Amino acid sequence: IGYFHSNQMDTSAVWFSESIGNMIIPVVLLMNEALLIPALLLFGIYQTVVMTFVIKLVGFSYSDVMFTAVSGLIMIVIVVLFKLARHNMLHKSRRMISPDKRVYDEVWSCVVAADETVGALAKLQELVLEKQVELRERDSTRGNTVCRHLNRRLVFESAGNTAFGGGIGEAGTTDPKRPVSSLDQLYAQAVSVDIVLLRKVQEWAKEGLFPANPDGKTLHRVLSVGSQDAPPTPHFIKWEHAQRDESLRNSIKWGRIKRPERAVEKAVRTYKNDVSRLVDLVRQSIVFDSVEKLTDALKGVTGDPQVVVERIKNRLDPTYDTWASAGYRDVVLNLRVVTEETQKLGVETHVCELQLMLKEFAELKHEDGHARYVRFRNLRGE
């Protein structure tokens, strides 16, 4: 504006147009930083087309017109280069994870080769679809279509603005209009919910297996893809055996609460700072040696009167695109445990994650593969 004013011309239109263009970037950063790149592209087009036309119309020199047009084109070029770099990163991530995906796909081909497995997978898919329909109908009724942590429905609202709800909530209820906004609250709940979920998992694992550390040593060695050596076969323990042997119980590798660093990373990258969608802070898994046993366990979980299922993902569906999980497959449930104990603790609203996996896939999980998956995830910005 100072530059135009120094030329002592009637530049009101230029001032107005330039101000609108310059407001785009800070407003977008303030409202939704995820839209920064589209905003930069819009700003470049605006600078190249609109501002160039306005400056030429007002009567500025040819050099001023060219300066404005070129500055807009530079912005467009920056956006294009960013998009190309992003595409290259995605391509690189796929190439990096391809060896692991190829191994998982080979295992999957062996799993579905058996006739009895095909029938069992069809029954599993039928059960999952039935439950997903029920969940959609329930969620549409209560006005909550996104799986997330919700606060209790308020029966008394306090004047103070506290991170933990701002009032007294009714036990056993959730309010779709009051998603949790505090990561501290979620971790405070997670400490109590972790123990409760562990007990429930032990109830559901009648035919299940759990990975264990033989002799207290690390379960897997770190190996590189393409190494002549294969990772040692993981050691799995039947829960019915572990119940009778304390040493076996102590060797089981239970799931751990998600690290706060990763929770913050995921909230920012994937959920646009919405911590209420971090529904896997507390997680456990059960391994099964057949699809039939896995399906039976799923029936037990979904039929448990103390459990409210919030979401089911069936990655054992033959139509599932395994690029999203680098070839890995399982059935994932997000659920809440609603008991007298959890209501007294105020944690019945906390959503947990339960993974039901086949032994063939669990045997392939090792530290080196997980490290590659983390790099894959980081390259994709997830």
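Modeller: Buried means under 20% relative accessible area, a cut-off we shall need below. Please keep in mind that this is a predicted model.

Biologist: What does the pLDDT of the protein chain average?

Modeller: In this predicted model, 81% of the residues score at least 70. There are stretches under 50, including residues 1–6, which have 10 contacts beyond four places in sequence, and residues 216–232, which have 31 contacts beyond near neighbours in sequence. Where pLDDT is low, the predicted coordinates should not be read in detail. Taken over the protein chain, the pLDDT averages 83.

Biologist: Is the aromatic pair of Tyr104 and Phe361 stacked or edge-to-face?

Modeller: A pair of aromatic rings is described by the distance of the centres and the angle of the planes. For Tyr104 and Phe361 the centres are 5.8 Å apart and the planes are at 15°, and planes under 30 degrees apart count as stacked. The pair of Tyr104 and Phe361 is therefore stacked.

Biologist: How many residues apart in sequence are the parts that this pair ties together?

Modeller: Tyr104 belongs to helix H4 (residues 62–113), whereas Phe361 belongs to helix H12 (residues 359–362). Both Tyr104 and Phe361 are buried, and they form one aromatic cluster together with Trp108 and Tyr328.

Biologist: Are the rings of Phe210 and Trp239 stacked or edge-to-face?

Modeller: Phe210 lies in strand E3 (residues 209–212) and Trp239 in helix H7 (residues 239–242), so that the pair links distant parts of the chain, 29 residues apart. Phe210 has 1% relative accessibility and counts as buried, and Trp239, with a relative accessible area of 6%, is buried as well. The ring centres are 5.9 Å apart and the planes are at 85°, so the pair is edge-to-face.

Biologist: Which ring has the charged end of Arg94 sitting over it?

Modeller: The charged end of Arg94 is 3.9 Å from the centre of the ring in question. Lys101 lies over the face of that ring too, at 4.8 Å from the ring centre. The ring is that of Trp323.

Biologist: How much space lies in the largest cavity?

Modeller: The count comes to one cavity of 30 Å³ or more. Its lining includes Arg142, Asn144, Arg148, Glu310 and Arg336. The space in the largest cavity is about 30 Å³.

Notes. Residues numbered from 1 in each chain as written. Predicted model: local features only at pLDDT ≥ 70, side-chain atom pairs only at ≥ 80, totals over all residues. Heavy atoms only, no water. pLDDT = per-residue confidence, 0-100. Contact = heavy atoms within 4.5 Å. Phe/Tyr/Trp six-rings, centres within 6.5 Å; stacked < 30°, edge-to-face > 60°. Helix = DSSP H or I, 4+ residues; strand = E, 2+ residues; numbered from the N terminus. Buried < 20%, exposed > 50% of the residue type's maximum accessible area, 1.4 Å probe, protein only. Lys NZ or Arg CZ within 6 Å of the ring centre and 35° of its normal. 1 Å grid on protein atoms, 1.4 Å probe; cavity = no way out; pocket = protein on both sides within 12 Å on 5 of 7 lines; lining within 4 Å. Points joined across faces, edges and corners; volume = space filled by probe spheres on them.
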